[in-house]
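My notes follow the order in which I checked them.

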Amino acid sequence: MRTCVAGLLAAAAFAAVHVQPVFAQPLPRSVVIGTNTPGTVFYALASGLAKVASEAGPIPATVQPYTGTSTLLPLLDSGELDFALVNGVDMGMAYAGPQKIKVGGKNDFAHTPNVRLVMRGAPLMIGLLVRKDSPLKSIQDIKGKRLTGEYPAHQAVWFNMFGLLASAGLSWKDVTVVPVPAVNDGVDALVQGRADVSAHAVNSPKVREADAAVGVRHLSADCSPQGEQRVRRAVPGYYTRLVKAGAAAAMVEDTCVIAYDIYFATHKSAPEAVVTAIVKAVWDNEAKLKPIHPTFREWTQARAASAEITIPYHPAAIAFYREKGVWKPEMDQAQAKLLQN
């Protein structure tokens, strides 16, 4: 009997030494954050997150640019891509799928039911853009003008333009569409004189580049209460903001723009230890993000966990926010509702 017990104890000791639990398994050598092309705000923010996470956490992070959300989301959904910096509106449409939601009769995103939220970040602001010497003074002036559109590789920008037009009660039928594949190509068309109006993120490197090349300025959308209602009806998740003159590049006067939340996302099969390590590194070093880009001023711990979301959180993120005391009952309700989709 003693021999049998001794044998069992020895076997148990061997197992304890040689079999590691999931949470103790080695972390990957690195992770990849997918996002939009260089020159976009998303690329600048993803680079900032990768820098802070690499310096403060146990896992180095690198940035991989893609043409647009339409390109990277299937890779994130399958787990081929570790993380991504994307916008909440796109994510909601892709998560629900084209059978359940369309905006302007359009949702060409591949259904991505496996995406999960790590952290809700800052709002991203998008403004109409014209050359500085353009005679256009308000959004109503763009009727009949050449506006960049289609955006087959970057569907998010199609919705940006749709929302901006909707703020003034306009549609694609009111303008002449200049087809471009992605957001930076639209600004190139404006600089080259092939388009009268384009759009880009406020304070993006591409806007600064265009301003240095030919001189550009943001053109105001409609921030009236009626305009706000039209935007929210046109694209759920969008809202309007007024940016003061001089507060950003090419902002020569107080200008109405549209905004939506930026998401730091992953996939549901991402290892909990990896998600925890990355979210902790960013959470603990919020102050180090702010000098990197103006948009990080609103990338705060207070915004990280929210019930106003379009995709469910990853379980490791929920556990982290519970530990920090910021996970609320209404967030459980939002999570449960989204997981029913």
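I took buried to mean under 20% relative accessible area, exposed over 50%, and partly exposed in between (1.4 Å probe, protein chains only). By that scale cysteine 256 is buried, because its relative accessibility is 2%. Cysteine 223 counts as partly exposed, because its value is 30%.

I noted the ground rules next. This is a predicted model, in which local features need pLDDT of at least 70 and side-chain atom pairs count only at pLDDT 80 or more, while totals for chains, interfaces and linings use all residues. Residues are numbered from 1 along each chain as its sequence is written, and side-chain values use heavy atoms, with hydrogens and water left out.

**Entry: disulfide**

I searched the whole structure for disulfides (a pair of cysteine sulfur atoms within 2.5 Å) and found 1. Cysteine 223 is joined to cysteine 256, with 2.2 Å from S to S. The link is right-handed, with 85° about the S-S bond. It ties distant parts of the chain: cysteine 223 sits in the loop between β8 (216-219) and α8 (225-234), and cysteine 256 in strand β10 (residues 255-267), 33 residues apart. For these labels, helices (H or I, at least four residues) and strands (E, at least two) are DSSP runs, numbered from the N terminus.

**Entry: α5 against α8**

I then followed α8 to its contact with helix α5 (residues 155-167), where the two axes come within 8 Å and cross at roughly 145°. The axes are lines fitted to C-alpha atoms, for helices over the stretch in contact, and angles run from 0 to 180 degrees between N-to-C directions. Contact means heavy atoms within 4.5 Å. On the α5 side I listed Phe162, Gly163, Ala166 and Ser167, which meet Gly227, Arg230, Val231 and Ala234 of α8.

**Entry: valine 235**

Which loop holds valine 235? I placed valine 235 between α8 and β9 (239-243). Valine 235 counts as buried because its relative accessibility is 0%. Leaving aside neighbours within four places in sequence, valine 235 is in contact with Val89, Val103, Phe159, Phe162 and Gly163. Phe162 and Gly163 are also among the α5 residues that meet α8. From valine 235 to isoleucine 311, 76 residues along the chain, I read 16 Å between C-alpha atoms.

**Entry: whole chain**

The protein chain has 13 helices and 10 strands, and its C-alpha trace spans about 95 × 40 × 35 Å along its principal axes. Of its 341 residues, 52% are buried.
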